[in-house]
Each structure stands twice: as structure tokens, then as C-alpha cells.
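Here is a brief report on a two-chain model. Please look over the sequence and structure before reading on.

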Amino acid sequence: MNTAASPLLSVDNLTVEIGGANVVDGVSFDVAPGKVMALVGESGCGKSLTSYALLGLLPDAARRTAGTVRLQDRDLTALSERQLRKARGKEISIIFQEPSASLDPLTTVGAQIAAAYQTHNNVSRSEAYDRARQMLADVGIPDPDRRLHQYPFELSGGMCQRIMISIALICSPQVLVADEPTTALDVTIQAQILDLMKKLVADRGTSIVIITHDMGVVADIADDVAVMYAGRIAEIAPVQSLFDDPKHPYTALLLASVPKLHHAPKTDLATIEGRVPTLSEFGAGCRFADRCPLATEKCRIEQPPLFDCGGGHRSACWHIDRMPEIRKVAA
Amino acid sequence: MINYAVQRFIQAIIAIVGVLTIVFVVMHLSGDPTLLLVPQDASAEMIAELRSQLGFDRPIYVQYLDYIYGLTHLDFGMSVVQRVPALDIVASRLPYTIQLAAGALLVAIGVGIPAGIIMATMRGSVIERILTAIVVTGQSVPTFLSGILLIFVFGVTLRWLPTSGAGELSAMIMPSIALGALSMSTFARMTRIAIIDELSKDYVRAGRARGLSLGQVVFRHVLRNASIPVITIAALEIGNLLAGAVIIETVFAWPGIGQLAIQSIQSRDFLVVQVIVLLISFVYVLTSVLADLVYVFVDPRIRLVR
């Protein structure tokens, strides 16, 4: 965590409820200007809901019951829907997992990018198209003039994600939220999109909150990582510190389950025993307790707070001191 | 694109010939019109002579081929009852049916589509429930019953509207509503489903993420996407309206081709019935071809791939 700079985006105690269960439970993290924060976790751990909640775009079934999202000095959760609309796309943008489905199939990409610019800027159509053309060049799309007049179905997934990024960034927001932006793409295209995002951070100073389940993506792009498990942050740390010295059993086991190049052929990959608890199984204690080799009675009864381990590294575990045992299990 | 148009044209011809053949056979199985044309006390020779004069003594396949041969020369035959070209009789009634169908279509689309949009976007509201009730009523009350109910309430009891005939514009109101009600419900339901389906798509969320309100997303993106299935329905409904006119025109004594069809079937006036059937099937085929052309206009995926 970059403690020197004051955070640009500050999420505090964000809690989202679906049908009475806290699917996002007290999530807090800060993102400094020009930094990349990764939210990592398995499917259903609440990372995508967290990202939607940042823009006030939760699905109908979900409801934010507590917490604040501060962008600089403004609390986005205190804004009316009307004020929030002015912030969306202009101050904070989001791109989604399925780039081709995120574009209107019946409208040319040029019209969609230009419309995104016109939503927040009172300019003529031709000015908006000029901006769109410039934006396509910025996200590395060759021959922008031709692309502007094409429809989403004429473009590849990677190309569509570049279009989505240009729509998201055309009004120069300070924060870009990227919900699994590379999951639906081929591996080579993934790398290109990540490179593009890194370049954007460097050139424009845009902060990024990237949601992923892919540790490779985290290692590639993130400055800080928050590992989420069953709606809560298990561990949050600068990326190097997290990979080198995980302070939460879940993170350690998760890292151990990533296949390695030197993994012996025809042997089982490492897995974490058990499964993620369902909403109705959320107990009072640590939600990872049932699968954790270090779990004690206390873990099942009392929820661990995020303990500060120094250097911006924090972990929600009662047994941080016993982490060497995990390393033996994981190895 | 050209290939596609040619293909559609050939399909259309086959469909029309198929319908025509079935109607031809069924009409001839229903009996010989000669008996209805001769006086009660006609002798067997007189009947036989008239029959041979009209050509009904020939084998059915000869009559059929003769009829088809006539069609290829745009000869639709003579009405056996009135002894004038069948096409002329139908043509004289057609404007009334077009007028009625247009009125009904106006009711169906003008009420159905906005109702569908409201039902999809204001789910759970009071107005949605009211509209649902109206749509279910329109869908479940049979046309002949709704026609008679309308006549009873607005024609007989309140005396606001004429009960029959095709004189002034006010005479069109009740038949248009009665004929359009079922279509209106179909449009409302289809529009609602199409919009709800579109609202669940990712681009709606993406549109809101760029700062558009839900209403803006609906008007800029959703309606156009949802229009594709509705266009299909529109094409079918226009044909259905013509078919429904048979009942409504009878109920309201409306002098269109629907009433003519009933009269001609009763008098076994084959050739007039066949012209009407040809016309209705031609309209079905034409509207579905038109719908395909509209798709091409609305959806670039069809336009550019084909």
C-alpha cells in the first residue's frame, strides 16, 4: 500500500446484501493515484459485486447496506442517482468481462464511442467523432477511420475490449474499474490488453481497480492486491509482499495451487480441500475456517479483524504467527 | 443478397400455389354450384347443360390445370353467380377491408407497443397491472363476442356509435377496436418480452456505466434491438387481421372481402373465394418478405453477412 500519497479512491466497510446475507462484508481498501489495485478471489467471492457497488450499479436483487466509496473528497454512495450518473463514465468508469456483449450490436462502434463522449461533454457530433478516432488510436486500434464505421460483430473480442476501454476512458476518468477484462479473451490477446492498461496508467495517471481470479494477471499488472474470500477481504498487501510472504492461509494455499512450470507431469495439482460456504452457511467466525488447516475453535466463533503486519500488509487471520505450518502443507 | 431475394421469391410462389391447391380441392369437394344456380323445378338436362357450360363436368384435375393456366394470364375467372370477373367483385370490396385492417392495425400497434414498453420498464407498478388486465382481456375475449359487446354498449345502450355499415369515420371505430384487440395483446406481450430480454443484456449495464439513465438506454439502444422480434409479429399480424376481418365484417355488416368470402362460400362461388384466398395468402407472403427486408435495414448483422 502506498501510504505516502493520499488515496484517490477509498472504499470503507462496503457491505452488500442479497436476500439477507452479506455477500460483500465490510470490504475496505484504498487506491492511490496512478496505481493498480487487484481484487482476487474465486467465483462468487463478491469481487464483481464490489466493483459494481463502486459505481452504484448493483443488480436489482443486491443492496448496499453499509459503507462508503470516496472518490477524492466526494462520497459516491451519498450521491443521488442523478449526480451519480454525472460521475459514471466521467470520473469513474467500468469495463466488463464480455466485451462484445457490452456493446449495442446494432450501432457502429464509432457512434457508441462518440455518444459516450457526448454524454458528458456538450460538443458536436463531428467533434465527438474526432475524439473517438483519437481514442481508437490511443488504445492501439489500427486504421481507426475504418473501424469507427464497423459494428461490434465485425470485430474480434480483443478489439471489442479495446473499444470498451476507449469508451471507458474517453472522458478521462480518474478511476477505471475492470471486471475480469481479459477472462473472455485468448491468452495472447490478454497480454496485449494488460499491456494496454499498464500503458494507460503510465500515460494518464488513471488508477485501476482490476477484478480477476487469475494470479498471473495480478502479478503482471497490480501494485496492490486484496484477496477476497466469501465476501470478505482475507488479506491485502503490496503485490510483491503478498506473493513472497502470504500472511493468510487462504492466500498461501491459493498461490500453491497455481500450476508451476516445474510441476512434475501426471501428478495432481494442488487444491484446497472443501468448498466455499454458501450464503446460508456463513457463520459468526472466519468464513475460511472449515477449509483451513490452521483453524481452531476461536476461528469458528470469532471473526478475525485485519491485523497489520507492517509495510501495508494486513491479514484477517488469528494465526498469522503459525503461517510457516501452512507453507509445509502447501509444499 | 440477390440470391436471398430470389430464394424468398421462389418460396413465396410455392406457398401460394400450395394454399391455392388446397382451397381448390376443398371447395370442389364441398359440392357443385350448378344446383344452386338453377331454378327449383329445373330438369336433369337443364342442369347437365349448365354444368357443362360452366365446365364443372370435366375431371377436377382438368378444371385445376385450366384454372392455373388462366392465372398465369392474370385471368382469375368469372363469378359463377354474378357472371362478372371474380377479380372485379373482390376489387370493389377490397378498399373497405383495407380501411378496416388499417384501423385495426393502428389500434394494435398504437396501443400494443407502448403498452408493452410500459409493462417491461415499469414492472411492479399499478399502471403495469392495469395494462396487464387490459392485455389479458384483449387476448382472451373472442372477436365475435367483443364485437357484439361493443355494439351492445356503445351502439345500442349509449347510442354513441353506429352499429353497422361503412359510412362515416365513426362507423370504423368499433370494428377497428374489435378486430385489433387480439393483435394489440399480441404486440403488447411480444414487445414486453422482447424488451425484458434486452434489458438483461450486458450492453444495458454498460450504457448505464457510461452515465446514461435507464430510460436513455431504453430509447437509444433497447427499443431498436427489441424491435426485431416485434417486426416478425407485425408481419404475421397483418395477415391475421385480414383473416379476422371475415368474422368482424359479418358482425358489423361491413362490406369488405371478409363478408364477401362468407357470402361466396355459402353460394359456392368458387372463383370469388379463390381470389380472396389468393389475396390473403399473397398478403401473408408479401408481409413476411417485407419483414425480411426491414430486418436487413434494422440489423447490420443480417445486412452485412448475407
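## Conventions

Helices (H or I, at least four residues) and strands (E, at least two) are DSSP runs, numbered from the N terminus. This is a predicted model, in which local features need pLDDT of at least 70, side-chain atom pairs count only at pLDDT 80 or more, and totals for chains, interfaces and linings use all residues. Residues are numbered from 1 along each chain as its sequence is written, chains are lettered from A and ligands numbered from 1 in the order in which they are written, and side-chain values use heavy atoms, without hydrogens and water.

## Chain A: annotated domain

UniProt, in an unreviewed entry, places "domain: ABC transporter" at residues 9–255 of chain A. Such annotations may be inferred rather than shown by experiment; feature names are shortened and positions follow the numbering used here. Over residues 9–255, chain A is 39% helix and 27% strand. The end C-alpha atoms of that stretch are 27 Å apart.

Two strands pair if DSSP finds at least two bridges between them. Strand β1 (residues 9–18) runs antiparallel to β4 (residues 62–71), with 8 bridges. Val16(A) faces Arg64(A) of β4(A).

β4(A) also runs antiparallel to β5 (residues 74–75), through 2 bridges. Here Leu71(A) is partnered by Arg74(A).

## Chain A: Phe243

Phe243(A) sits in helix α9 (residues 239–244). Phe243(A) counts as partly exposed because its relative accessibility is 27%. Buried means under 20% relative accessible area, exposed over 50%, and partly exposed in between (1.4 Å probe, protein chains only).

Leaving aside residues up to four places away in sequence, Phe243(A) touches Met215(A), Val218(A), Ala219(A) and Leu255(A). Contact means heavy atoms within 4.5 Å. Val24(A) is 219 residues away along the chain, and its C-alpha atom is 24 Å from that of Phe243(A).

## Chain B: overall build

Chain B has 13 helices and 0 strands. Its C-alpha atoms fill a box of roughly 85 × 60 × 30 Å along the principal axes. Of its 306 residues, 44% are buried. Among contacts between residues at least 6 apart in sequence, 72% join residues at least 24 apart.

Helix α1 of chain B (residues 2–29) holds Ile13(B). Ile13(B) counts as partly exposed because its relative accessibility is 42%.
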